[in-house]
Amino acid sequence: MTPVERGHAASHPYVGCGDGPPLVVLPGVNDPLLRAREQAWFDLALAAYCRRQARACAVAGAPRTVYYLSRPPGVPETIGGMSERYRDALDAFGPCDVLGISMGGFAALELARRDDRVRSVALGLSAARLSRHGRESLSTWDEWAADGEWRRVYRAGVRTVVTGLRQRLGALAARGFARLRIPPARDFRRTVAATLAFDATPWLDGVDVPALVVGGTRDPFFTDEAFVAAASGLDARHERLDEWGHDAIIEGGRLVDRRVAQFLA
């Protein structure tokens, strides 16, 4: 098994695994709640994800070293600001493919537009702007965060990505996590505000690298029409995941992994 890498790139903590050129994964709104390098058990989970995606790439004939690259404390107020900091982090990796997960897709689009070291961009469960329901959901999470209701924030995040027994176990974990952890209120609320304000629709044709859009028909933050529109604006391949939402990244993760790997191949 490939050894797990842990480190920092321009203060951005990361966990990586695999062989080959870099595939840099940019996480979503949840990132300030728990970053890479903050908890050993979470690094193990990230390493498992990176290894899973790296294995899919190798099987597809496009081997990659997969890096999950968190954002450091002191999150900028805009997606553009986040992408500028990611540009500094790319100095550690050089030319790379970029995969943005959920809101991370927004940062990936900005990075692909601004930095010619980005060789391709894949949007995993992300489009160019939030749906109405997605905006309402994040606005509610922001209100909870402002009121210090972090247990509700964590539980909502769990419900977004898992179902069934995993959801029940996750709710229990969220309860304990909310009691033990000092909430990253400022960074989380800045991330939400930046996400709510972002709209890449007017300039998608300015992203001139190969692109992929993977989206589910039951996604809580983006409509199927939004995925189609993003793919059209990017002149990208569109992979539809029928009956999947944001849970596709965990419960149906290999569906996403395989499509990203086939795109890279």
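**View 1. Ala10, a partly exposed loop residue with positive phi**. In this predicted model, Ala10 counts as partly exposed because its relative accessibility is 42%. Look for Ala10 in the loop that links strand E1 (5–9) with strand E2 (12–18). Its phi is positive, about 50 degrees, although Ala10 is not a glycine. Most residues other than glycine have a negative phi.

**View 2. Leu125, a buried loop residue with positive phi**. Here is another non-glycine residue with a positive phi, with Leu125 near 65 degrees. Leu125 sits in the loop between strand E6 (118–124) and helix H4 (132–146). Leu125 counts as buried because its relative accessible area is 1%, and the cut-off for buried is under 20%.

**View 3. Asp31, a buried acidic residue and its contacts**. Follow the loop between strand E3 (22–26) and helix H1 (40–60) to find Asp31. Which residues does Asp31 touch, leaving aside those up to four places away in sequence? They are Tyr68, Ser70 and Arg71. Even so, Asp31 has no salt bridge, and the nearest side chain of opposite charge, that of Arg71, is 4.0 Å away.

**View 4. Asp242, an exposed loop residue**. Asp242 belongs to the loop between strand E8 (237–241) and helix H9 (253–264). With a relative accessibility of 52%, Asp242 counts as exposed, as the cut-off is over 50%. For a sense of distance, the C-alpha atoms of Asp242 and Ala185 are separated by 35 Å, and the two residues are 57 residues apart along the chain.

How values were computed. Residues are numbered from 1 along each chain as its sequence is written. This is a predicted model: local features need pLDDT of at least 70, side-chain atom pairs count only at pLDDT 80 or more; totals for chains, interfaces and linings use all residues. Side-chain values use heavy atoms; hydrogens and water are left out. Helices (H or I, at least four residues) and strands (E, at least two) are DSSP runs, numbered from the N terminus. Buried means under 20% relative accessible area, exposed over 50%, partly exposed in between (1.4 Å probe, protein chains only). Lys and Arg count as positive and Asp and Glu as negative; His and the chain ends are not counted. Contact means heavy atoms within 4.5 Å.
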